[in-house]
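I opened my notebook to look up how this fold is put together. I also wanted to see what sits around one of its ligands.

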Amino acid sequence: MKKRIAILPGDGIGPEVCESATQVLTEIGRLYNHEFEFVYGDLGGVAIDKTGSPLPEETLSICKQSDAVLLGAVGGPKWETLPGHQRPEQGLLGLRKQLELFANLRPVTIYDSLAEASPLKNEVIEGVDLLILRELTGGIYFGEPRERRGEGEQETAVDTLVYSRSEIERIVRKGFEFAKERRGQLTSVDKANVLESSRLWREIVDEVAGDYPEVSYSHMLVDNAAMQLIRNPRQFDVMVTENMFGDILSDEASMITGSLGMLPSASMSQDGPGLFEPIHGSAPDIAGKGIANPLATLSSLTMMLTFAFKMPNEAAALQDAIDDVLEKGYRTADLTSDSSKALSTVEMTAKVIEALGEKVVTA
Ligand code: NAD
Ligand code: IPM
Ligand code: MN
């Protein structure tokens, strides 16, 4: 089956982890007889340098004409002094908005073999399997006005946190749907003790809950949720929350697994192409060194194979291959304190490809 994938490597370690992903996908195509066509586009800083825009029209059209989009990461010190609307991150936000990717899935799963990589105690993280469902196209990231006013001592800066009933309802409904398919438990995270938008959010959760009697749900304030994620992450099944809370909580949750370099994500719309990307950024501190962990991006590929291409066997094989390399003790630098044992991005990718081959031979 032929699939067309838009590849947006972006900045920093983005191209390094995307190279890993295209190699792995090519190998999956070879082993399972699929044709994966890659179409490359510029997004973020690299696009600013080439075209002046963080999201060139051509990139948007490549994405719209694809079956799925794979993104590395955008941003970096080079572009930090640009005005807000011209920054690399604006390219990513624009893409999410244009493709209407309102539902961002950020699963947090534990690899037994990685227990020692987490700063949390083994008994705290054992068996953790949660899904952070982040609203991705609304809230304070997109609200208007967003501006500076006045000057000097009088200067103020304004961001706007606004959510409509329909924006909240569609993501909350997804939360209940996922919970129904999983362990039947939904935690809605908000700040209803302070924010009006959270009070509307809470009302809608209570209303939608009526359609899902099989799901047990609760509300939790975001500050408490941040603490509970570390105290007892096993209590969570699906956590649904607004854009910025989901951004922050998912980076925090990555440390349950052991590294930000492990957490994948899938961003979905009602019916257009999905976008798959690691939750981490462009990691300027390690960019160009060839030591980035590619596993978050490769796990994002398993989500692409599952959700975009409906290829469960291929997704399972890739997940098994990732499990295998970790069980065999292969680690990138972020996952081990013994730097002499750390594999490069290229070496880790080769191990995953090797493990994929073993799956097919023994199947
Ligand atoms: P970051 O996620 O880039 O890095 C945070 C820390 O985690 C760094 O020490 C980094 O080396 C480490 N890290 C991240 N990914 C890793 C990997 N795969 N392997 C090993 N270590 C890894 O966050 P930051 O430093 O706050 O942001 C840097 C830039 O990235 C900023 O411009 C930010 O806007 C951007 N960013 C982009 C995305 C995205 O494109 N989706 C996400 C987050 C941040
Ligand atoms: C993420 C990133 C982005 C976000 C930035 C780069 C705009 O942190 O994907 O988690 O805040 O959504
Ligand atoms: Mn983030």
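My entries below cover the sheet, the helices on it and the ligand shell.

**Entry 1: the model.** I noted before anything else that this model is predicted.

**Entry 2: the sheet.** I looked up the strand order. It reads S2-S1-S3-S12-S11-S4-S5-S10-S8-S9. That is an open sheet of 10 strands, and its pairing is mixed. Which strands stand at the edges? I found S2 (35-40) and S9 (216-221) there. Each has a single partner strand, so one side of each is left without a neighbour in the sheet. I also looked up the twist, which averages 25° from one strand to the next.

**Entry 3: one strand pair.** I picked S4 (residues 103-109) and S11 (residues 264-268). They pair in the antiparallel sense, over 3 bridges. I checked Ala103 and found that its bridge partner in S11 is Met268.

**Entry 4: helices on the sheet.** I followed helix H1 (residues 14-32). H1 lies across S1 (2-10), S2, S3 (68-73) and S12 (274-278). H1 runs at about 145° to S3. Then I turned to helix H8 (residues 222-231), which packs on the sheet and touches S8 (185-190) and S9. The direction of H8 makes about 105° with that of S9.

**Entry 5: ligand 2.** Which residues surround ligand 2? I listed Gly75, Glu89, Leu92, Leu93, Asp247, Ile279 and Gly281. I sorted this shell into 3 nonpolar, 2 polar and 2 charged residues. Where does the largest share come from? Helix H4 (residues 88-98) supplies it, with 3 residues.

Technical notes:
Residues numbered from 1 in each chain as written. Chains lettered and ligands numbered in written order. Predicted model: local features only at pLDDT ≥ 70, side-chain atom pairs only at ≥ 80, totals over all residues. Near = placed C-beta within 6 Å. Helix = DSSP H or I, 4+ residues; strand = E, 2+ residues; numbered from the N terminus. Nonpolar A, V, L, I, M, F, W, Y, C, P; charged D, E, K, R; others polar. Pairing = 2+ DSSP bridges. Axes fitted to C-alpha atoms, helices over the stretch in contact; angles between N-to-C directions. Contact = placed C-beta atoms within 7 Å.
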